Amino acid sequence: MKKLIALSFLSLMTSQTIAQEFTFSGVAKGEVRYFPEEGKYGNTEKLQPSFVIEPQAMYSWDNDRQVTTVIPYLRVDEQDNERTHFDLREMSYVGAFNNIETRIGVSKVFWGVTESYHLVDVINQSDFVDNIDGEDKLGQPMVNLSYLTDYGTFTGFALPYFRERTFSGSEGRFRGPLVVNTDKVQYMHVDGQNHTDYALRWSHYFGDFELGLSYFNGTNRDPFFKAISSTEIAPIYTQMEQYSIDSQYIYENWLLKTEMIVRDSQLEQRFFSTVTGFEYTFSNIKQTGLDVGVLAEWLYDERGTKTQTPFYDHTFIGTRIALNDVKSTEILAGMFVNNHDMSLTSYRIEAERRINENWKWEVNANIIHEPAPVSGLYLYEKDSYIEASISFYW
Amino acid sequence: MNKRENYGARLAKIVISNPLKTIFFSILLALSLGSGVTKITMNSDYRYFFGEDNPQRLAFEKLQNVYAKDDGLLIVLSPKDKNVFTKKTMIALKEITERSWKIPFSTRVDSLTNFQHTKAIEDDLIVADLVKDPKSLTQTELQEIQKIALAEPLLANRIINPDSSVTALNIKLSFPGNSPEEVPSVAKYARELTAEFEEKYPHLEFRLSGLAMMNNAFNEAAMNDMSTLTPIMYAVILLIMAVLLKSGMAVLATLNVIFFSVVAGMGAAGLFGIPITPPSSIAPTVILTLAIADSIHILKSILYSMSLGHSKKDSIIEAMAANFTPVFLTSFTTAIGFLSLNFSDTPPFHDLGNITAMGVTMAFVLSVTLLPALVTLMPFRQPKKIVKSGSPFAVKFADWIVDHKKGVLFTTLFTTVFLAVQIPKIQLNDQFVNYFDKSIEFRNHTDYVMENLTGIYQLNYDLGSGESGGISNPAYLSKVEEFSNWLRAQPHVIHVSTVTDIFKRLNKNMHADREEFYSLPTSRELAAQYLLLYEMSLPYGLDLNNQINVDKDSTRVIATFSNVETKDLLSSNTKIEQWLRDNAPATMHTLGSSPAIMFSYITERNVKAMAWGTLLAFLLITGVLIVSLRSFKYGLISLLPNIIPAILAFGIWSLVVGTAGFAIAIVSSVTIGIVVDDTVHFLSKYVRARREKGLSTKEAIEYSFSTVGSALIVTSVVLSIGFSILMFSAFKMNVTLGALSALTIIVALIADFTFLPALLAVVDEKEKEKSNIKNKGDKMKLKNAVASIAIVALAFGLGSTVKAEENKGLWVATQIDITNEGFVNQTANVKMVLLNKQGQKSTRQMKIKTLEVKEDGDKSLTIFKTPRDVKGTSFLSFSHAVGSDDQWLYLPALKRVKRISSNNKSGPFMGSEFAYEDISSQEVEKYSYEYISTESKVSVKGHIIERYPVDKNSGYTKQIVWVNEENWTIQKIEFYDRKESLLKTLNYIGYKKYQNGKWRPDEMHMKNHQTGKSTSLVWNDYKFNQDISDRDFNKNSLKRLR
């Protein structure tokens, strides 16, 4: 892989480089989380300051058809040693040649259409210590090849190395009574972390209808656990096959979305899961530029309470308010309702606004409200928090 | 008998068994609505004819806020000896001038006697009444006064005519607008005043005019209509019913229904606070007309059934069963037609539509409750056996039509096309004085004023100087004078009121009244000083605020026109506005405004607004027909006989009458719901004969003729008579509406008796052939369909007034498009500079790549570089000539490509003053066009076009585009928002020609007039014909950009 990157740098020098461009940019972010309650399992600190730096170097040439990108990532956390971590988010070469595009190196790939939960997005492992919402992902080594045709884009992935999920340490929040010991990880396949996963995807659009079909075969990104001592558990990674559909239809101000998967994994029965819903946008209200989006999504998992995710038959109701002003002010708010007892399980609010060319602030709140004891969220009962951050972009 | 007909029978049974209760409750319902009658108010403000957001109204109100209000009253004095300048007339004039201050709400009185005459005595400026003490006037003094008055531009042709035979007092009024009684009270006072003076000075004749009297005339015309038309209508109804029903009791029952329908409709108007204006004053007549049709249908059935020997109760049940659905349908479609008047730009039409729709609904309710209940209780003798004598003739007629179906079809279509071509020739004329016929005093007096003294149609131009106190600037004044002199030389202009005349007079006075100094002051200080001196000497109420604004930075020039037609007034206005743009500095570029302008645009605006309303009503009604006939085919067939009558009627009108006012905009909507009734009755009988009786096409047509033929003739005659009665209205618009509607209804009857059966015969027989010789049938059917579509399209194309100017607008747009064709692709770096009202600046940088797509909209990629937090965010758009664009947004942090809705095109792009639609590819097909004018400045020859976005999600109603003719580049675009007020102006700055021969601007500057914010797009590094192609514009390529 390193050879390939070196090769690409070489080719960069030899090719007639029209429209070449080098940029160095990035973000440094200071954030602090405040937990109103002490943790249940000895993790009693209420304040969790943290610092993140994520620089980005990018070189593109051949009219942006060939690009190399390097993005390292470092988080330093005051509380949790496990949360202090380094990751290579991106170190890749992408080249487009006629109808073929290839991506080699460590990179990130997103699939899907829904907002509350990303069900079909399976290539990258979640960086769980960064954020429990699953939006932050670890860099994934890959080779992929896309073929662009009039009948859609066909992509094949080979993923030669597996990234383990990150978990909070004993000082951190978002853990159960037993700490996850990632050093004692177990794999069901003999190749362990070096198992090569495969994935195929076809995506296309027909007017206002977008459709993606994907297949994945390899190490399950969601771990199972096994107790290894009275204080620790170890993650177990199984092999799985997954078929998925993601589609979206635009009708006037409506976005109708659905994601569906069928997963067949070791250690559990084959199951079906879906996130289906809509987003309606009241756009440019009273000619002020204000957009208010209303979202509702149904999260269903056939496994019920045995699910590896916190939600198995929940409805997400949310809103997205964008002022579309010079400062790009945006507010997102949402809540998850358990469809069985109509109890509110979790709320999220996010607000962000640019300060000037380089600075931006964000405030998030994630509230976990009296989760049912059977729910996966029960472990995080005391882990509601408010987070404020300020970022410097350059 | 099917289930739906049973509703009628069921209801009939209930009514028959409880007649007293039914009568009690239905009358109670009508009366409880009718109780609102006491709350009915009149609205006599001409402004009510214009919606709150009518742009011409807004412009005029803005002007009135700056200067004094123009709601004037003109008292005209004509001495019988044809000489104003006599002692006794001057005495009377002085007295009435003083008395006029006591007219309610008066704020200023201008007359010959209190004219502020200036003269110089040595170095002092003396300002005094022109006629101070009329009793002591000598003959020489009178001649002196006459000389001064006729030489004074402010007076001649305005207050005094050149013959000195007529003079006037101009009284400005300022209505607080709290009570509808304000205008009538002024009119009453003025009439009493003039009556008193006529008695005291018998040698004088008095007349009253002005906008205040016009407002009052609206009042009086509405009262007049209500008090004359309604009795005529009742008389006619009695006559018709006596002839048709031949039963006194039936007439009595019908009278009850229509009386209570009208009472309920008008009462509901009172309850909802709908004011009465001339257009809505005809609502009772219209309701009467429509209600009687309902009743006749049911009563005729009852009487017919009784004549066959059935009992009265059975006859009622039978009649209700047969007529409930058709009567409901016809009432429903009529209500839809009238409700569509709400699309109009003129609120009185909304009122007419809503009152009538309520009345029609009530008429339906009463026809199926009160009417059968009354019949149950009333003693009816069994009518003589009615022989359907019409039948043999009807059958013969039907046979003739079927035999000559092709001839009939082609004659109709040819006539339709011929008449459709005539429609655009209708001259639109909205001279508001002529809205009133000569039975209204205002019309006579105003005609007299226009013939003998001055004009009533005016145009106001608000000329700004751009600086406080700038009206004293000699350069500005000389420009205003140049403008005024030019105006005076224009055709139809009989008077120009301008402040420069006062300056010239003052300059002369200050130079010892020497004629050679009758010119503008040469220095600013001098001018300012004259103005100060003059204003200080003016008595209360005669100041210059009606000509100069408080800041003294602008003045108003008023041009008064003779009795001109609106098209001439509009073309004069266009010419004047153009003159200002060509010859005057930018601060003086202004648009003419006045009530005359407001009325001149009223037809155009109403036609545009009603086009949608009519279309919607049409679609709804066709939908109703498809459902009620339970046949898609016959529903569609019904389209033609429903459209054609309106085309024919307009065409005939064009040939016979030739001119029309804005009533024309609503005729189609009013008649569509009525015209459709004929089609409904005919088609439903036809379909029933085909389906249930299994008759052949020819037999079914015969059946339809013999069953509904006479009923259709009767109702059409009744309806057309009802609408004809509107021709007795004193309000011309109602006359036009009545005449055109009556015409349409008669034409519709003819079409339904000739064209519809012929069409049915052709279509259904073709189908039969199809089953015999399938191939041929298909071909014929196809040919048939193509032919009828082509003919309808032709008729529509001709009917929709495709003006040459619209084509020229499209032509200009196409030139822009063609000139820009062949750039293949382009890239550019763009800096966006956002400025808020306080001048705070923020910037964004982006790169925009565009790929030309032949035969469709272009593809574009926008990549953000700053602000840094959105770096790498990119936006991919495939614009389409027709239909919505495809758009994707790439969020680099999540590596997520999101398909987004392009409906939000009116929203701001990155918080800037550019909306998404402003930066997307400007395809020709995205707008419709109209050509405005040719503009030629010293260096640039160009065109101004208006374009109207096709997409309903656009944030604009129109855009005015300035185009340079030499290189077909857009110079400027003005964007008008949904309220049709100016929202933004986009200026293209610094066009350069690039090596591929294409012109590109260096900067696009967008100014938002409503928020004061602005955004500049500064374009750098334009590159064309790069090595980029279709494969660089897709979802994958988005992810490569940072």
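In which strand of chain A is the place of A:Met142? I looked this up and found A:Met142 in strand 6 of chain A, which covers residues 140-149; helices here are DSSP runs of H or I with at least four residues, strands are runs of E with at least two, and both are numbered from the N terminus.

Before going on I noted that this is a predicted model, in which local features need pLDDT of at least 70 and side-chain atom pairs count only at pLDDT 80 or more, while totals for chains, interfaces and linings use all residues. Residues are numbered from 1 along each chain as its sequence is written, chains are lettered from A and ligands numbered from 1 in the order in which they are written, and side-chain values use heavy atoms, with hydrogens and water left out.

**Entry: A:Met142**

I checked accessibility and read 1% relative accessibility for A:Met142, which therefore counts as buried; the term buried stands for under 20% relative accessible area, exposed for over 50% and partly exposed for what is in between, with a 1.4 Å probe and protein chains only. I then listed the contacts, meaning heavy atoms within 4.5 Å, and, not counting residues up to four places away in sequence, A:Met142 touches residues including A:Arg103, A:Ile104, A:Val109, A:Ile123, A:Phe157 and A:Pro160. I also took the C-alpha to C-alpha distance from A:Met142 to A:Tyr198, which is 9.7 Å in space for a pair 56 residues apart in sequence.

I looked at A:Arg89 and A:Asp127, which form a salt bridge with the closest N and O atoms 3.1 Å apart. Because A:Arg89 lies in strand 4 (residues 85-97) and A:Asp127 in the loop between strand 5 (100-107) and strand 6 of chain A, the pair ties together parts that are 38 residues apart in sequence. Both A:Arg89 and A:Asp127 are buried.

I turned next to A:Arg173, which forms a salt bridge with A:Asp383, the closest N and O atoms again being given as 3.1 Å apart. A:Arg173 lies in the loop between strand 7 (152-159) and strand 8 (179-180) of chain A and A:Asp383 in the loop between strand 21 (359-368) and strand 22 (385-393), so this pair ties together parts that are 210 residues apart in sequence. A:Arg173 is buried, with a relative accessible area of 4%, and A:Asp383 counts as buried at 3% relative accessibility.

I then found A:Arg303 in a salt bridge with A:Glu268, with the closest N and O atoms 3.0 Å apart. Since A:Arg303 lies in the loop between strand 17 (290-301) and strand 18 (313-322) of chain A and A:Glu268 in the loop between strand 15 (254-265) and strand 16 (271-285), the pair ties together parts that are 35 residues apart in sequence. A:Arg303 is buried, with a relative accessible area of 13%, and A:Glu268 counts as buried at 18% relative accessibility. I also noted one network joined by salt bridges that share partners, with A:Lys29, A:Glu31, A:Arg75, A:Arg89 and A:Asp127 among its members.

**Entry: where chain B touches chain A**

I found that the contact takes 45 residues from chain B and 53 residues from chain A. The two chains bury about 4,300 Å² between them, 41% of it on carbon and sulfur atoms, where buried area is the accessible area (1.4 Å probe) that two parts lose on being put together, summed over both. I counted 15 salt bridges between chain B and chain A, and one that I looked up joins the side chains of A:Glu210 and B:Lys1035 at 3.0 Å, N to O. Strand 13 (841-851) and helix 30 (1035-1039) of chain B are among the elements that each supply at least two residues of the side of chain B that touches chain A, and strand 13 gives the most, with 5 residues.

**Entry: chain B**

I recorded 30 helices and 24 strands in chain B, and buried residues make up 59% of its 1042 residues. Helix 13 (residues 370-377) of chain B is mostly covered, with 7 of its 8 residues buried, including B:Leu370, B:Leu374 and B:Thr376.

Technical notes:
Salt bridge = Lys/Arg side-chain N within 4 Å of Asp/Glu carboxyl O.
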